[in-house]
Amino acid sequence: MKNLYQPEPVKIEKIEVLSSNVKLLRLKKRIDFIPAQFVLAGVWGYGEAPFGIASSPYEKKYFDLMVRDVGAVSSVIHSLKKGDEITIRGPYGNGFPLDFLKGKDVVMVSGGCGIPPIASLIEYFIKNRKNFGRIYLLYGAATPQDILIRNEVSRWQKDIKIFLTVDKPIAGWKGYVGLVTELVKEIHINPLDAVATMCGPGPMTAAVEKILKPLGLPDRRIFVSDERKMHCGIGKCQHCTTGDKYVCLDGPVFNYDQVDKNWD
Amino acid sequence: MVSVLEKSRIPDLLEDLSKKYSVAYFQKDKTALSAKGYFFPPQETLFSYLFKNKKLSVSSRSRRKFLLFGLDPIDLEALDQLDEIMTKPKEDYFYLQQRKNSIIVGLAEYPLKVPVTVGDLILEKINENQYRAVALSKIGFDLIKNRNFKIEKNPEITDYPEETNGLRELVKDSEFLSEVVLWSWRTKHPIWDKLGKICLGCGICTYVCPICHCFLVEDRVKLDGSDCARCRLWDACTLNNFAKIAGGKNYRPNQKYRYFNWFYHKFVRAYKEYGKSQCVGCTRCQKYCPAHIDIEKILLEIIKDYKNEKSISA
């Protein structure tokens, strides 16, 4: 019997500071995964915490995590150096329904630290660009310094249309400010053959109501990567349940109507 | 031909068995806790990690087989459910290691009408002095070979009534309960607000429950920093921070939601997952609740209102 709780050590190959409280960790190990699947990363003495994989699913030599300094585990990860070891279990969960997305227009909506699964999905789209229709990314952050995908935007822009927005702009900011409902006019999709994928904090709900719904996207074709306390990763500990679903087994990706009509 | 055990020989039998196995005699009336703790302890070490040489060791079971004696049919049913939960859809290594190393001997105070699907040997009371032995596994057959059992042609068999209670009868219709509990939330039944105020959020109901299996994992580092034990501890979905994530967001911020979630898991999510309620009607939760919450009364109240509404709308 396989011990699903046993983590494997993995070496930190590179650390990059993405914002005042987010670091990118490049970990030297091959993981076969679908964008939006997550791993449990751990440090002995501190425990484990869930993180979505941010790198391309085609990358075979390493994978990336974006770690926000917010809890016990992420905080100790922030203190580590290149060459240090952490532990990994996974990948867990379902990931975005790639086959269903095929051939369709795609609108991706993400905010703040919700970008890793979307970033991974974008890498997948770029590799398979001809299989998809028009692709848009709407990404919001608190300030321009909090935009975690700064280094990727110019490369991604060759294949997808990107709209960046911040809550608090600084001098010289050329993007949008606030929740950009007028973007509805800029997005040209065929609502009958389009999907949306989302991951991000609470205000994302407003994006659904004010942007995705006016675009004519039904709830069933809006895929949300949900967040809970995924603790054991294998559907036992009950920490990540939401209604009759386990985020670690049935999610983290759900149809918006599954999430929206859920009692908790 | 029936293999029987005289009631007076139970201590002798246990003494014999303890020469070969490590034996626990579970006596329901002597503890608030169920037997789940033998396989899913309140706290256990899963891994040990030595920082100096990065050596990881997985906690292993003891080499001696563990024999658990005395589970009644209700607790056997609960154990059967917990086995299923810990096996499907993914296997819980630590629980199953303990279970595979164990022998279960059930003790029923009445002849069983429905066959038991868990355990190795069941002893059913057939008269004031004797139990009939029913072996369920190879190990069970071997146990009957013990000198304390004897073969009798026609022992006296009394048909003692099955032990039951209102709750146990209620949970038999798990499909109906899943519908009623969900209905009560959707229709904003006032009972959940009331319970949100009464429930102390102490978690006792989940600790005494023979099926509840929420847990958390915690790393404990020795004071000198030399090694770390990754421990699993019982958790309870009725506790404050159960659904809280790093950064502080609590997905079930008040007791009403947490208490309902306990019900929802037992009667709705469990039904969808395994086709039955995760309640066998042992009544420990209502016996030990410091706020005197009686889940049978709650179920009866919402069932009554459900039936009323359905009869009005019909």
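This report walks through a predicted model, from its conventions to its domains, chain contacts, sheet and core.

## Reading the model

Residues are numbered from 1 along each chain as its sequence is written, while chains are lettered from A and ligands numbered from 1 in the order in which they are written. As this is a predicted model, local features need pLDDT of at least 70 and side-chain atom pairs count only at pLDDT 80 or more, whereas totals for chains, interfaces and linings use all residues.

## Two domains in chain A

Chain A is assigned domain 1 (8-92) and domain 2 (98-260), with bounds that come from an automatic or database domain assignment. Their C-alpha centres lie 21 Å apart. Across the boundary, 22 residues of domain 1 of chain A are in contact with 20 residues of domain 2 of chain A; contact means that the C-beta atoms, placed from the backbone, lie within 7 Å.

On the domain 1 side, strands E3 (38-43), E4 (47-52), E5 (63-68) and E6 (85-92) of chain A each supply at least two residues. E6(A) gives the most, three residues. Helices (H or I, at least four residues) and strands (E, at least two) are DSSP runs, numbered from the N terminus.

## Where the chains meet

Now for the two chains: 34 residues of chain B are in contact with 28 residues of chain A. The elements of chain B that give two or more residues to this side are strand E3 (43-50), helix H3 (93-100), strand E10 (215-221) and helix H9 (255-274).

## A seven-strand sheet in chain B

Chain B holds an open sheet of seven strands, ordered E2-E5-E6-E7-E8-E1-E9, with mixed pairing; two strands pair if DSSP finds at least two bridges between them. Strands E2 (22-25) and E9 (149-152) of chain B stand at the edges with a single partner strand each, so one side of each has no neighbour in the sheet.

Within this chain, E7 (residues 121-127) and E8 (residues 130-135) of chain B pair in the antiparallel sense over six bridges. Ile122(B) has Val134(B) in E8(B) as its bridge partner.

## The nonpolar core

The largest nonpolar core has 149 residues, and those touching the most other members are Leu65(A), Met66(A), Val107(A), Met108(A), Ala196(A) and Leu123(B). Such a core is a set of buried Ala, Val, Leu, Ile, Met, Phe, Trp, Tyr and Cys residues joined through C-beta atoms within 7 Å; buried means that 20 or more other C-beta atoms, placed from the backbone, lie within 10 Å of a residue's own.

Leaving aside neighbours within four places in sequence, Met66(A) is in contact with residues including Leu18(A), Val22(A), Cys113(A) and Leu148(A).

Technical notes
Buried ≥ 20, exposed ≤ 12 C-beta atoms within 10 Å, placed from the backbone.
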